[in-house]
Number of protein chains: 2
Amino acid sequence: MAITTRAEDYSARYNDLVQQADLAEGSSVRGCMVIKPYGYAIWENIRDVLDQMFKNTGHQNAYFPLFIPKSFLCKEADHVKWFAKECAVVTHYRLKNAEDWSGVVVDPEAKLEEELIVRPTSETIIWDSYKKWISSYRDLPLLLNQWANVVRWEMRTRIFLRSAEFLRQEWHTAHATSEEANEEAKKMIDVYRDFSESYLATSPVVGRKPAHERFAGALETYTIEPMMQDLKSLQAGTSHFLGQNFGKAFDVQFTNENNELEYVWWTSWGVSTRLMWNLIMAHSDDQGLVLPPALAPIHLVIVPIFKTAEDLEEIKSFLKPLTDKLDQTYITFSSKYAEMRKKLTRKMDDDTQKTPGWKFHEREMKWVPLRITIWKRDLEAGKIEVFTRATWEKVQMTIEEFSSKIETMLLDIQKLLLQKNKSFREEHTYYVDSYDEFKEKIEQGFVFAHWDGTAETAEKIQDECKATIRCFPNWEYIRDANEKWVDMVSWKDSECRVLFAKSY
Amino acid sequence: MAITTRAEDYSARYNDLVQQADLAEGSSVRGCMVIKPYGYAIWENIRDVLDQMFKNTGHQNAYFPLFIPKSFLCKEADHVKWFAKECAVVTHYRLKNAEDWSGVVVDPEAKLEEELIVRPTSETIIWDSYKKWISSYRDLPLLLNQWANVVRWEMRTRIFLRSAEFLRQEWHTAHATSEEANEEAKKMIDVYRDFSESYLATSPVVGRKPAHERFAGALETYTIEPMMQDLKSLQAGTSHFLGQNFGKAFDVQFTNENNELEYVWWTSWGVSTRLMWNLIMAHSDDQGLVLPPALAPIHLVIVPIFKTAEDLEEIKSFLKPLTDKLDQTYITFSSKYAEMRKKLTRKMDDDTQKTPGWKFHEREMKWVPLRITIWKRDLEAGKIEVFTRATWEKVQMTIEEFSSKIETMLLDIQKLLLQKNKSFREEHTYYVDSYDEFKEKIEQGFVFAHWDGTAETAEKIQDECKATIRCFPNWEYIRDANEKWVDMVSWKDSECRVLFAKSY
């Protein structure tokens with residue numbers, strides 16, 4: 001079955017891809033998804049790299065309860081305002097047989113004294129523990145992460161982008177000084193950038209959010225904003241410098257080196273299965289999924305073309321020196337914060353019920369970076385056909401050549417995808433100085449324009465153009481330091497050239 | 001702080017260990033635990049090995065929803081009977097401000113049409129998906145696992161042994177034939193045995209449960225039963241051959257090779273954070289935790305003894321060739337179902353505020369298998385002191401000797417712990433033929449005795465001796481095939497010599 005093309009309908013194409021590449025599907029529980037094995041294998045690869053990066057930067061994993069007592073959620077005013085409107089509430093702890101034996105009902109006698117909220121996020125329950133663990137500057141910094149499921153009762157759900165239950169990591173770090181906490185928040189957005197570029201093969205704009213777009217209660221929110229193929233920006237990962245707000249709300253104090261009591265400084269940051277949306281919407285083409293080799297569950301598929309069982313045996317014994325070697329082959333992906341040595345994964349597709357054409361199509365759709373095709377008739381010549389999904393190129397080579405080249409080929413594909421993604425963003429990025437030009441260009445991608453720093457101007461632009469300020473970008477995106485800093489709408493002095501884009 | 005000894009009080013000792021070795025603690029949510037970084041690092045090591053074993057035996061991971069619609073739970077009669085009495089029930093999806101502004105309350109208008117149960121286990125929601133995915137024998141076998149949190153509203157909770165929320169893996173496999181499903185259940189209990197012996201370093205009795213001890217609805221339940229140091233048996237892992245019961249309850253049929261409709265055969269199996277209880281109760285000694293090196297978060301601690309910063313620098317530069325080498329050192333643990341190549345993890349404890357004695361004690365308590373101590377005065381002699389926590393031996397050696405020996409040393413400790421655990425079980429295992437002897441020996445460990453196969457006899461023994469039948473053991477535990485098979489209580493013909501023990 002063909003998938004809808006990008007030109008026809010992005011939204012339909014996304015649904016087709018998720019379904020036909022066997023990534024995930026809806027479930028019988030409203031808004032909750034089932035992540036299927038192929039989709040979950042990609043998520044595991046994402047998780048493993050990030051986990052390694054976190055550990056390499058001195059962080060540790062832990063696990064905190066799924067449930068939050070209602071009173072905890074209410075300790076921080078902004079926090080409860082943000083999450084109370086969409087949460088799953090546990091009120092009872094037992095079912096019983098209905099009196100008329102019609103089925104099973106909630107037992108009214110098993111009502112909880114205090115309702116429990118299924119965690120929409122874990123700040124409140126984690127800081128309840130931190131309060132017990134922190135008393136002196138010697139207990140700091142405390143750098144913990146958890147990988148867990150969270151629940152937000154979203155009204156309009158979309159697989160991977162916005163689902164009632166999703167998987168994620170959330171870090172909560174506690175520090176003795178404001179500077180150290182802010183540095184941590186900045187470092188961790190750099191980890192997300194590194195992960196995006198080196199593993200996800202996407203090239204996000206990195207920056208900090210304007211005040212009106214920050215996480216509730218944050219002093220700074222840092223963000224990575226990759227461009228999707230429909231020219232929208234995705235808030236793919238954020239890291240928050242939260243000051244002392246939660247420290248005060250939960251009364252977490254420590255004795256500093258001068259023996260004075262101080263509130264703890266903290267940060268939080270997280271990414272989720274939303275990265276799957278990022279992956280799909282950033283890379284895939286009209287023929288199916290496109291996965292960077294670092295995250296692909298299968299690196300290589302071997303398709304022998306044969307009529308009889310004897311033919312197949314002959315092909316397999318010809319390939320044996322290659323397959324033996326491949327089983328000992330590791331591919332090393334590396335970046336600033338992680339080095340991943342991944343065992344090469346391969347699949348021999350010798351199914352006798354499916355045609356070669358069907359097999360090619362399936363692996364192209366699900367994106368296996370490399371494919372070997374081998375015909376019985378080519379055994380004498382000693383060559384195999386190597387197909388690269390990223391470029392659609394077919395090359396003949398010997399099995400010795402192939403086994404010596406496979407690591408380079410996969411690393412080259414990884415680089416190529418990043419390069420393509422970066423070029424795509426750059427080709428669709430505009431620097432404009434007039435609001436008229438802005439209105440035109442904002443339909444065509446990312447726009448860097450001057451802004452006076454007021455929420456009013458931001459709102460006006462949002463109302464009129466359906467675009468928001470994604471971030472104050474890092475300096476590297478600001479190309480001319482000598483230009484005039486004037487807001488394009490209000491003509492007041494500008495705070496900075498900021499990134500505007502449409503988003504989800 | 002010293003921990004309670006085994007001779008004094010096992011139960012208090014367990015609590016001391018969990019607390020002082022920083023593994024886990026209770027939370028503000030009744031019955032839910034916080035798994036602290038050191039405990040979670042051990043759990044991650046357990047999970048990684050098991051996950052590798054599952055993948056090596058052809059299984060895949062996936063993820064299914066946290067919530068189970070109430071009506072799903074009721075589809076299988078035994079299932080709902082088992083789980084309805086202790087489950088967390090979600091009834092609402094929103095909070096709102098109280099009308100008197102006294103706080104936040106459940107919004108009565110946000111009542112769910114059908115209550116959702118936080119999964120106590122996932123059979124019902126997973127089989128709801130299987131029904132969509134399975135139509136032909138070509139879709140089988142379907143071999144899926146998920147790692148997830150589950151909730152059972154236990155009244156009496158204990159950290160790791162029995163908590164309201166716990167972490168686990170649960171497999172649900174679907175097969176075309178009864179034989180294949182039963183073989184799968186047997187193979188997976190062998191995976192648990194392999195994991196126990198080769199990684200957990202425990203030597204469980206493996207067998208199958210008598211009918212009255214099976215999982216609700218199972219045709220066979222296979223089990224591993226390791227002996228804890230208090231001479232009790234722990235049901236550490238089970239695997240169930242479930243026949244067609246759930247296939248029928250959920251109406252999951254497939255077309256077989258003869259084009260006939262048939263119900264699917266299935267199995268399920270799982271282990272949980274209860275393995276942490278297994279680990280602690282099987283190995284630890286009066287001085288603290290004892291961890292097999294394959295699961296230990298830190299393999300080596302280096303304690304330099306120094307007075308000045310210059311001394312420390314001198315020691316560090318002397319050690320540099322060693323530490324450089326150690327950073328490139330991998331330890332390979334292997335077994336029937338997995339090979340784990342683990343990077344050596346080490347910690348340099350150069351804290352200036354803590355005394356060497358304090359450092360020694362902390363690492364002995366938390367069990368770091370190897371420790372190097374080095375004094376400034378010994379630099380000239382070029383030797384370091386290597387301490388092995390498992391044997392309390394100290395040996396002098398050069399850094400070259402140590403770096404060439406460290407892998408062997410760790411693998412030897414791994415073997416030693418298994419050997420100790422196996423000997424302990426064997427020393428406390430009895431073969432008895434009279435009920436009088438049984439009553440004496442059952443206080444002292446595992447007892448193999450003949451049983452007539454009736455629930456009545458089993459109940460009588462349970463009432464009188466507080467011991468249950470743990471399993472029909474594998475043949476290897478039945479030492480004499482020629483003996484008379486007579487029940488020790490009823491004097492009727494015996495079904496088999498079975499394993500009796502006390503348990504939790």
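## A walk through a two-chain model

Helices H2(A) and H6(A) sit oblique to each other, and they make a handy place to start in this predicted model. H2 covers residues 37-56 of chain A and H6 covers residues 178-200. Their axes come within 11 Å and cross at roughly 140°, with H2(A) passing H6(A) in a right-handed crossing. On the H2(A) side the contact uses A:Val49, A:Leu50 and A:Met53, while H6(A) brings A:Val191, A:Phe195 and A:Tyr199. By class, that makes six nonpolar residues, no polar ones and no charged ones.

Now step back to the two chains together. Here 48 residues of chain B are in contact with 48 residues of chain A. On the chain B side, strand S5 (residues 89-92) gives the most, with four residues. That side of chain B has 30 nonpolar, nine polar and nine charged residues.

What about the core? The largest nonpolar core has 302 residues, and the members that touch the most others are A:Cys87, A:Phe500, B:Cys87 and B:Phe500. Take A:Cys87: leaving out residues up to four places away in sequence, its contacts in chain A are A:Ile117, A:Val118, A:Pro120, A:Arg152 and A:Trp153. A:Cys87 also touches B:Tyr93, B:Arg94 and B:Leu95 of the other chain.

Most peptide bonds are trans, and most residues other than glycine have a negative phi. Against that, the bond from A:Leu140 to A:Pro141 is cis, with omega near -5°. A:Pro141 is in the loop between helix H5 (123-133) and strand S9 (142-151) of chain A. In chain B, a cis peptide bond joins B:Leu140 and B:Pro141, with omega about -5°, and B:Pro141 lies in the loop between H5 and S9 of that chain.

Then there are the positive phi values. A:Phe160, in the loop between S9 and strand S10 (165-175) of chain A, has a phi near 70°. Is A:Phe160 buried or exposed? It has 24 C-beta neighbours inside 10 Å, so it counts as buried. B:Lys466 has a positive phi too, about 55°, and lies in the loop between helix H13 (455-465) and strand S26 (468-473) of chain B. With 11 other C-beta atoms within 10 Å, B:Lys466 is exposed.

Last stop: A:Asp311, in helix H9 (residues 309-326) of chain A. A:Asp311 has 16 other C-beta atoms within 10 Å, which means that it is partly exposed. Setting aside neighbours within four places in sequence, A:Asp311 is in contact with A:Phe306 and A:Lys376. Its C-alpha atom is separated by 54 Å from that of A:Tyr63, 248 residues apart along the chain.

Conventions. Residues numbered from 1 in each chain as written. Chains lettered and ligands numbered in written order. Predicted model: local features only at pLDDT ≥ 70, side-chain atom pairs only at ≥ 80, totals over all residues. Core = buried A, V, L, I, M, F, W, Y, C linked by C-beta atoms within 7 Å. Buried ≥ 20, exposed ≤ 12 C-beta atoms within 10 Å, placed from the backbone. Contact = placed C-beta atoms within 7 Å. Axes fitted to C-alpha atoms, helices over the stretch in contact; angles between N-to-C directions. Helix = DSSP H or I, 4+ residues; strand = E, 2+ residues; numbered from the N terminus. Parallel < 35°, antiparallel > 145°, perpendicular 65-115°, else oblique. Left-handed = near helix turned anticlockwise from the far one by under 90°. Nonpolar A, V, L, I, M, F, W, Y, C, P; charged D, E, K, R; others polar.
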